[in-house]
Amino acid sequence: MSPVALPDFPWDSLAEVKATAQAHPGGVVDLSIGTPVDPVPAGIRDALASVSEIPGYPTTHGIPALREAARGALSRRHGVDGIEPDAVLPTIGSKEAVAWLPRLLGFGPGDVVVIPELSYPTYEVGALLAGASILRTDGLTALGPQKPAMIWLNSPSNPTGRVLPVEHLRKVVEWARERDVVVVSDECYLALGWETDPLSVLHPDVCDGRADGLIAVHSLSKSANLASYRAGFLTGDPRLIKQLLDVRKHAGMIVPRPVQEAMVAALADDEALHVQRERYARRRLVLRKALQDNGFRIDHSEAGLYLWATRDEDAAATVGWLAERGILVAPGTFYGPKGGKHVRVALTATDERVDAAVERLTQ
């Protein structure tokens, strides 16, 4: 059996411009990957430590308290009610879930997975790991008569920060249900709406209070600074969640017990989420202004953790221009062919580093 042919890992290609940025006398301001830099709230750390002595295997389905905490957070924060207790499944972060979903759902050669035209690279990787093919499109008309196996939605978008309107979400859900197509919505940035309030695919205005055919992907990496904990979960159609649970039991894809306890604390702590949102809001405000004042246009970016910026030139040229000023960003080409003139600027740097970037942009 031949190994799966995967694209090169995009971040490896930044080595040269990263070295240029790191050579800046004031040090690098890394706005590329989007790694959280703020401290994990004390209550979450305490929860992690509180069960560190437990020696037994954790449950793949997650402790009942975790599933209830996820249901409560979805209701309070996002207006999603009616999720069945068994229809929550913790994952080892969200990236592994994204990468393995097509395969774990039973899709493979001959199946088509639809991904956004500009999208998180792991959507494509997940389809390739399953042996499926991809179609990049933001609309349904490009599908013509063909029936895909699965459609990815991502709102707010990584990388563009675009929020899909309720009308679009409803149209995709209705179209997919008529054809028995699975819709998976990546909602990792759902709590970070700035100029508009994003809706979950499981919001009643989108799905009429029915979860059939739908899966939502959630992460605590950015909203609670738990990237190092690898803490995410899936929810939606109980039938699909049960299918995923059965496979994950066999495969040993289990969230560690201390991390499950930390997730309970994070999902219950709305104040900590508010504090983190305020940090990102401040960084977004000053970075956006500095970029716009110095020749950049910001497209979309109404929500999420990134600014989608352009100088209407080749993305590589913009990345190089910023690297000379000690600022490292990601080229839009990482996210699809239509990203060739944009860069993605992350909000995940300390206030001191963000202020340094602003100063360099204005010099």
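Domain bounds here come from an automatic or database domain assignment. This is a predicted model, in which local features need pLDDT of at least 70 and side-chain atom pairs count only at pLDDT 80 or more, while totals for chains, interfaces and linings use all residues. Residues are numbered from 1 along each chain as its sequence is written, and side-chain values use heavy atoms, with hydrogens and water left out.

**View 1. Two domains make up the chain's division.** Start with the overall layout: domain 1 covers 10–39 + 271–362, and domain 2 covers 43–268. Their C-alpha centres sit 26 Å apart. Where they touch, 30 residues of domain 1 are in contact with 27 residues of domain 2 (contact means heavy atoms within 4.5 Å).

**View 2. The largest pocket takes lining residues from both domains.** Domain 1 and domain 2 each give at least three residues to this lining. A pocket is an open set of points on a 1 Å grid over the protein atoms alone, where a 1.4 Å probe fits, with protein on both sides within 12 Å along at least five of seven lines; lining residues have an atom within 4 Å of a point. The volume here is about 810 Å³, counted as the space filled by probe spheres set on the points, with grid points joined across faces, edges and corners. Look for Trp11, Lys95, Tyr120, Pro121 and Thr122, which lie nearest the centre among the 34 lining residues. Helix H4 (95–104) and helix H5 (121–130) each supply at least two lining residues, and H5 gives the most, with four. Helices (H or I, at least four residues) and strands (E, at least two) are DSSP runs, numbered from the N terminus. By class, the lining holds 17 nonpolar, nine polar and eight charged residues. Ala, Val, Leu, Ile, Met, Phe, Trp, Tyr, Cys and Pro count as nonpolar, Asp, Glu, Lys and Arg as charged, and the others, Gly among them, as polar.

**View 3. The second largest pocket lies between the domains.** Its volume is about 330 Å³. Pro116, Glu117, Asp138, Arg162 and Leu164 are the closest to its centre, out of 22 lining residues. Both domain 1 and domain 2 give residues to the lining, so this pocket lies between them. Strand S5 (150–154) and helix H6 (166–179) each bring at least two residues, and S5 gives the most, with four. The lining splits into eleven nonpolar, seven polar and four charged residues.

**View 4. Strand S8 is covered on both faces.** All six of the six residues in S8 (231–236) are buried, meaning under 20% relative accessible area (1.4 Å probe, protein chains only). Ala231, Phe233 and Thr235 are on one side, with Gly232, Leu234 and Gly236 on the other. Two strands pair if DSSP finds at least two bridges between them. To find your way, spot isoleucine 92 opposite alanine 231, then alanine 216 with its bridge partner threonine 235.

**View 5. Four strands form an open sheet.** The order is S9-S10-S13-S12, with antiparallel pairing. S9 (297–299) and S12 (330–331) are the edge strands, each pairing on one side only. Three bridges link S9 to S10 (306–310), and arginine 297 stands opposite threonine 310.

Definitions and conventions. Buried < 20%, exposed > 50% of the residue type's maximum accessible area, 1.4 Å probe, protein only.
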